[in-house]
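Hi there,

Here is the structure I promised to pass on. Have a look at it first, and then read my notes below.

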Amino acid sequence: MDAIILQILNGLDKGSAYALIALGLTLIFGTLGVVNFAHGALFMIGAFCAVTLSRILTLSHTVVDDSRTDFLGNPLKVEVPYVYDWFGQAAGDTIIDWAVPLSILFAIPIMALVGLAMERGLIKHFYKRPHADQILVTFGLAIVLQEIIKYFYGANPIPTPAPDAFRGSFDFGVLLGFDPNTIIYPFWRLVYFAFAMVIIAAVFAFLQFTTFGMVVRAGMADRETVGLLGINIDRRFTVMFAIAAVVAGLAGVMYTPINSPNYHMGMDFLVLSFVVVVVGGMGSLPGAVLAGFLLGILESFASMAAVIDLIPGINQVIIYLVAIVILLTRPRGLMGRKGVMED
Amino acid sequence: MLGLNRKDAMLLMVVVLLTLFAPFLLNPFPEGSSLAQFNAGYPDLMQRFVIFGIFAIGFNILFGLTGYLSFGHAAFLGAGSYAGVWMMKLLTMNVIPAIIVSVVVAGLFSLLIGFISLRRSGIYFSILTLAFAQMSFALAYSVLTPITGGETGLQLSLNDPRILGVSSTGDGSIPVTNLFGLEMRDSFEWEVGAWLFTFNAGYYVCAAVMLVAFYVAIRIFRSPFGMMLRAVKSNQQRMNYTGLNPKPYTLAAFVISGMYAGLAGGLMVSMDPLAGAERMFWTASGEVVLMTILGGAGTLIGPVLGAGLIKYMENIVSKINSTILHEWFAFMPDGIEDLLVTLVYPFIGKGWHLTLGIMFMLVVIFLPGGLVEGGQRIGRLFRRRDRKGTGVEAPAAEQRRKTPAE
């Protein structure tokens, strides 16, 4: 029992990332009808927003500290981050420590801008082109974005730690009445899961309870009619693209403490996210979220030692296997709507 | 000639001449000159040009004709490689059985995967092929280690039970791949003045195979079967209504292109007898997509050009570093020199992928027919006054523009 709960928990953080990326992909597909292979790159750019902010925060200038001397007896030169000057040392330390959560604020405008630029500059011209062309051009864009990041940040993963307060692990088992130390779970992963839930809830609430969201949903159902009613649906869809970019970016920001960001993390996640979208059902938002968590948890179950003993290698292929079975038996995916991407 | 019309025969002749004289054409700069680093006429790279050319020709038969975008073609190349190495381990170091078995194994593998994947089309097909390829990669990397060598890859060793041949040569080393005694690594070097030309046995074997593969591709393109495949691309529904089932045609195209990939894999291990799982990784599948699109999907010669271009960039352009750049721009004033180097540097050397990505995007956006279409457009500019320019490739490129893949 405790092992099962542990595996469910383990699956949640990866599942959250899948769900967030797949949610954005589905938003873009549902509104604009574009298959965005560059979505993983947006996830990666988000992660590098966190790296950038923590670098900006630790920008320092050299100050001669007369009170201390080095081994030659000269006054010691110390690097002092600018934030110390502005907020004092204690507050400055806290700010640097909380760089990753702070990056959320930093990443939102950047990701929105990147999303807008992408949609207006490139994807707009591909609405009428076939899906294969859309896949290809966004695949090219993903390569370009990835190489730009590689040029500026190098090829090695950059460790970006979580704030001290979340660094430890949390004994989840005690809470549920198991023996201590049976179910231990890192704090940050819980934070990530909660964060993902908040974002997902926010997106759904936005679509469900605002006028803007209502128009967008109407546009997803029948774009032409909405346009005929005198509503500029294209502009709203552009905004949705930006929102999808922000969602992917935030997923990337918060993922940095779990996995140090590197330039190809986007592609690694993208392949799986596409599988998630297809399993959930092309164009179905709840399907994307459900499939994201489902596949994340399945993956962590498949990597239990007992399961691997039974079927060797299952942990490597479970997601693809599920996708193949689903695609062949339920072509529309778990919750796919009728008429979306049907042959 | 050979059942080809005049234009196709001309194209084939041009390709034959180009491959035959590639050691000269790719080595235009004298040894030791500052431009010698742009020489691509060394055996290893020339072999890669033709092998990846075969891979791309095969991919083009599927994507260019039927419009089915497979993102998992590297799996067949990988399967072919493994099969080839096993033939060398078990049977003989002669490359012929290895190549044949590679093609057969890749064909069977693609029959299996194609049968399942082709039940869906469009993006679902892409995802399915991607999923299968990633699965093959993951399995080859982990569970199938006894067959595939896992992380280290599958290599020959000194105690292979080679039935027709020896486990190790007299001096205790692993025997080399050969074609009835002609060693694949044999090279004949010819020095003419400052130039050094290398004629490699392996390259010419690969080139011969490539020419046959290219000829077969032309025949497929011009056959009624090829016409059916184009029909699959332009309108499946209409094809159904005329009483034709598109499924066997697409499956046949898929298997043929899988066999081409296996052929490429078999040649790869014939030149260098080791196979690794990374050959099946999805980036390798992405690479052949890049090659085909860049050169011109649906055209005959495009994929070969694309393969050549990408391999050239990967092996030659990627070696340019900032020191060399500084040498090039040394004639300029210092400030401008530094500026130019800073501007150019991100795009070459280690950043060649960036150039590739940008080129690829530009091609997809502006030239859906790839470089071949670009060449045609330039050609048409120059002879607009002449008869309406219809190059050898025009029908295919034209068709791609009018009836996009779906």
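What volume does the second largest cavity have? About 30 Å³, where a cavity is a set of points on a 1 Å grid over the protein atoms alone where a 1.4 Å probe fits but cannot get out, and a volume is the space filled by probe spheres set on those points, joined across faces, edges and corners.

Before the rest, some housekeeping. This is a predicted model, with local features needing pLDDT of at least 70 and side-chain atom pairs counting only at pLDDT 80 or more, while totals for chains, interfaces and linings use all residues. Residues are numbered from 1 along each chain as its sequence is written, chains are lettered from A and ligands numbered from 1 in the order in which they are written, and side-chain values use heavy atoms, leaving out hydrogens and water.

Back to the cavities: the whole structure has two of 30 Å³ or more. Residues lining the second largest one (an atom within 4 Å of a point) include A:Phe29, A:Asn36 and A:Met282. Helices H1 (2–32) and H12 (265–280) of chain A each give two or more residues to that lining (helices are DSSP runs of H or I, at least four residues, numbered from the N terminus). By type, the lining has seven nonpolar residues, one polar and no charged.

Now for where the chains meet. 42 residues of chain B touch 40 of chain A, contact being heavy atoms within 4.5 Å. Together they bury about 3800 Å², 79% of it on carbon and sulfur atoms (accessible area, 1.4 Å probe, lost on being put together and summed over both). In chain B, B:Ile123, B:Tyr124 and B:Trp282 lose the most area to chain A, together 18% of what that side buries.

Because A:Asp234 sits in helix H11 and A:Arg223 in helix H10 of chain A, the pair ties together parts 11 residues apart in sequence.

Cheers!

Notes. Buried area = accessible area lost by both parts, 1.4 Å probe. 1 Å grid on protein atoms, 1.4 Å probe; cavity = no way out; pocket = protein on both sides within 12 Å on 5 of 7 lines; lining within 4 Å. Nonpolar A, V, L, I, M, F, W, Y, C, P; charged D, E, K, R; others polar.
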